[in-house]
Amino acid sequence: MRISAIAPPIRRAISAKSSSYYGIFADPFSFFSLNFHSNDTLFSPNFKRDLSCESEVDDAIFLFRKMVRMRPQPPVFEFTKQLQVIVKMKQYSAALKLFDEMRELGAPVNEYTMNILINCCCLLKRVDIGFAIFGVFFKHGYEPDVTTFTALLKGLFLNGKVAEAEKLFKKLLTSKICEPNEVTILTVIDGLCKAGHVLAAHDLLLLLEKSIYKPNVKAYNAVINGLCKTGTVDNALELKSKMTDKGISPDVVTYNSMILGLCDFGRWKEVKDLLNEMVNHKICLTVVTFNILVDSFCKEGNVNEAEDVLKIMKRQNISPNIVTYSALIDGYCLQGKMEKAKEVFDSITGNGLKPCIVTYNSLINGYCKNGKVDEAWRLFLEVSSKGLEHTTVTYSSMIHGLLSQGRNADGWKLFNVMETRQVHPDLFTCNILLEGLCKTHPIAEAFSFLRVMEDKGLSPNIITYGILINGLCKDGKLEDAKMLLNELPSKRLKPDNHIYATIIGSLCEEGFVDEAKDLLIKMERSGCAPDSMTYNIIIQGLLKKKEFDKAIPFLEEMHKKGFLADASTLSMLINQLQGSKKNDVLLEMMKKVVPKM
C-alpha cells in the first residue's frame, strides 16, 4: 500500500484532535530475625540505590528519618505516605532499609505498610520474602486486602512462577478471600501474556466475561497485544469485535497493537481500514502509531514511504522521537544507503533530541553489515564520550563486523573487554563467535566453546546447532553432522531448512545422492518443506561433482515448485554449458529456472 492510501486517514485523525504500632514485632521472631534472607543483601547497610535523581531521593530519605526520630511520632499514614514517595522513585531497596529503621525505633505500621513492603520485595523479584512478610503480618492480626494479593500475584509473574500465580488467582476467585478488582485482573492477564501463555489469558478473559468480574479495556488490550505478537491477528480482530459488542470501546492502545500485527503480515488494506476507523471514532493517532508505520515501511524496504509518514507527522505538529529516527536509520542501513543513514543520525540533535544507545546500535550494525567496520569502530568509541554505555547488542554487532572482515583477533579481544566490563554476552553474541570459530579453527574448538556457553547458563538453540552442523560438514565430518542432526529431537529442537539443506548438500558432494533423496523425503515428512535454498544447495553439490544427469531431476522438481536458481547455481550451469558439448536438456531446464528480467 502506498503512503497516498493511508495519508487521508492520518490527516483526518490528527485534525480530529483538539493505627497500630510496630512494637508488637519486637519479639525474637520478628520478620527481620527470620532466617529466610539471612544472607540476602536487600536489607544490608550497604544497600545499593539507583539514584537517577539523587538529590530528590536523599531529601525524601532525610525527611523520613527525621519523622522516625520525632517525639511524639507522626501518625502512621504520614510514614506510609513518605514510604510511597520513595517507592515511586523506584528506590525499593531504600524503602526496605528505611522500614528496618522504623522497626528499630518503634514507628507505627498498618496494613498499608505491609502492602508497600510486599510490593517492594516483589518488584525486586523476591516474592519469597514478600510471602514471608505477609505471613508475619497476618500472624500479628493484620488482614490482607486486594492490594496485598495483587502485589503477590505480580511478584509471582516477575519471578516466572506462572503456575503458582494462576493457582493463587483461582483460589481468590473460589474461596472469596477478597474481591479481585480491575488491577488484579489486569495483573493476571498481562502476566500470562508476557509469560507467553496468551491462549490461557484469552480463555481466562472469556471466563471472566461470564462472571461478575468484568475485564476492562486494559485487560482486553493485553490479550489483543499478545495475540498480535504471536501472529494470530485474526483472533485479535475477532476479540476486538466482541469487546465492542459488550460496550467496551477500543482505545489508541488497542488500535496500535492491531496495526502493528497487520503491518507485520503486510496487510496494508486492513491497516488503512483501522486508521479510518480511528478517525471515525475520534481516536487520535499518537507518535507510537506513526512509529509503527515508519518502522513497518522501513522493514519492507519502502524508506521513501516512511519519509512521507515523517513529513505528515511534522505537518501535524507531532514531533518524531528517537524511536522514529532509529527506525529510519535501520531502513536506510537495510538498503545499504549508509550516507542517508548517517544523515538521519546527524539530524537528530538538530531536532532537539539526543541519540540513545539504540540509535548508535542501529548505525553501528548497519556499518558492520555493509562492510564499513572502521566507521562502525569510530562510532563505537564515540558512545562512551557521549555518556552512554555499550550494551550486549553494541558489542555483538561490533564483534560480528570484525569477524566478518577476518579480524578474528580483534573480535575475540573485544569479547574479552565485554566480559571484563561485565556486559553479559547473550546467545546471539555466542553464536557469532561460534560461527567464527567454525570458519577459522578446528571444529573441536567450536565444541569446546559450546561447553563454555552452557556453563554461562545459555541454552543453545537451533541456530547454534545449525552452525555446528555446517562446521562439521565443511570439516569433512559428515557422519558426526548426521549424528548431531538425529540428536536434535532429544534436545527439543526441530531441524530447519538450513540444517537439512547443509547435510543434503554435503551428501550430494560426497556422491551419496540416494541418501540425499531419502533425507529430502524425511525432511518433508517432518513438516519442514524444502525451499529454494535447499534445491540450490543440492544442485550446486551435484554440479561440483560434475553429476549433471543427476542434477536435472532436481532442476525439474525445483521448477515445478516455482523456485528459481540463485546466482551461484546459474554461474555453475553457465560454466557447464560453455565447457561441454551441447546439452539441450540442460539448456531447456536452465531457461525454466532462470529469474525473469
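For packing I took axes as lines fitted to C-alpha atoms, for helices over the stretch in contact, with angles running from 0 to 180 degrees between N-to-C directions. Helices are DSSP runs (H or I, at least four residues), numbered from the N terminus. This is a predicted model, where local features need pLDDT of at least 70 and side-chain atom pairs count only at pLDDT 80 or more, while totals for chains, interfaces and linings use all residues. Residues are numbered from 1 along each chain as its sequence is written, and side-chain values use heavy atoms, with hydrogens and water left out.

**Helix packing.** I looked up helix 28 (residues 513-525) against helix 29: the angle is about 175 degrees and the axes are 12 Å apart. That makes the two roughly antiparallel (the word applies to angles over 145 degrees). On the helix 28 side, V513, L520 and M523 make the contact, meeting T534, Y535, I538 and L542 of helix 29; contact here means heavy atoms within 4.5 Å. I sorted these residues into six nonpolar, one polar and no charged. My classes: Ala, Val, Leu, Ile, Met, Phe, Trp, Tyr, Cys and Pro are nonpolar, Asp, Glu, Lys and Arg charged, and the others, Gly among them, polar.

**Pockets.** A pocket is an open set of points on a 1 Å grid over the protein atoms alone, where a 1.4 Å probe fits, with protein on both sides within 12 Å along at least five of seven lines; lining residues have an atom within 4 Å of a point. The largest pocket has a volume of about 470 Å³ (the space filled by probe spheres set on the points). It has 26 lining residues, and N431, E435, I463, G466 and I467 are the closest to its centre. Helix 25 gives the largest share of that lining, seven residues.

The second largest pocket holds about 350 Å³. Of its 16 lining residues, N470, K474, T502, S506 and E509 are the closest to the centre. Helix 25, helix 27 and helix 29 (532-544) each give two or more residues to this lining.

**Salt bridges.** I counted 19, taking a side-chain nitrogen of Lys or Arg within 4 Å of a carboxyl oxygen of Asp or Glu. One of them pairs R407 with D374, closest N and O atoms 3.2 Å apart.

Key
Angles under 35 degrees count as roughly parallel, over 145 as roughly antiparallel, 65 to 115 as roughly perpendicular and the rest as oblique.
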